[in-house]
Amino acid sequence: MSQVVETLRGVDGATARVIAHLGALNFTVEYVRDDLESEYSDQDLEEAYQLLMANQVTGDDFTDLIGEVFQVQTLFFENIVALVVPSARYEALFASFDRRDPFPVIDLVEAATSEPV
């Protein structure tokens with residue numbers, strides 16, 4: 001398991017669900033919580049990868065438009081929080097967590113951006 005996975009799993013108040021490296025042409029799931037392994041098919045993961053990568057491209061375009069560095073995209077769902085941390089134009093770290101109140105989003109962003117992806 002990579003150092004960034006260990007770092008993210010160690011953030012207090014955040015229970016990791018899935019952590020993956022998104023590359024230009026494929027993805028590598030680095031961690032899946034045991035109770036979720038059978039929940040997602042390979043096709044589900046491939047579709048999620050394609051949607052996330054499409055979003056990465058538009059995120060870069062949006063960054064150019066506003067003139068700020070795109071550090072982390074945070075997606076809040078009813079029961080899940082997901083982070084997309086770009087490391088290059090077509091590479092990123094994806095990490096999802098159970099959403100609880102309070103949720104340590106700033107701690108996770110700092111942890112995700114402090115380790116090489």
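Mentor: Strands β1 and β2 are paired antiparallel through five bridges; two strands count as paired if DSSP finds at least two bridges between them. Helices (H or I, at least four residues) and strands (E, at least two) are DSSP runs, numbered from the N terminus. The model is a predicted one, in which local features need pLDDT of at least 70 and side-chain atom pairs count only at pLDDT 80 or more, while totals for chains, interfaces and linings use all residues. Residues are numbered from 1 along each chain as its sequence is written, and side-chain values use heavy atoms, with hydrogens and water left out.

A hairpin of four residues leads from β1 to β2, and within this pair I19 faces Y31 of β2. β1 also pairs with β5, again antiparallel, over six bridges; here A16 is placed opposite F97 of β5. Seven of the seven residues of β1 are buried, so the strand is largely enclosed by the rest of the structure. Buried means under 20% relative accessible area, exposed over 50%, and partly exposed in between (1.4 Å probe, protein chains only).

A nonpolar core is a set of buried Ala, Val, Leu, Ile, Met, Phe, Trp, Tyr and Cys residues joined through side-chain atoms within 4.5 Å. The largest has 21 residues, of which L8, I19, F97 and L108 touch the most other members. Two or more residues come from each of α1 (3-9), β1 (16-22), β4, β5 and α3, and α3 gives the most, with five. A second, separate core has nine residues, among them L22, A82, V84 and A92.

Which residues does I19 contact, leaving aside its neighbours within four places in sequence? They are V5, L8, R9, T28, V29, E30, Y31, L93, F94 and A95, where contact means heavy atoms within 4.5 Å. Across the protein, 53% of the contacts between residues at least 6 apart in sequence join residues at least 24 apart.

As for confidence, pLDDT is the predictor's confidence in each residue, from 0 to 100. Among the elements, β1 has the highest mean value (95) and helix α2 (residues 42-66) the lowest (81); the protein averages 87, and 92% of the residues score at least 70.

To place the strand in context, the protein contains three helices and five strands, following the pattern α-β-β-α-β-β-β-α along the sequence. Buried residues account for 39% of its 117 residues.
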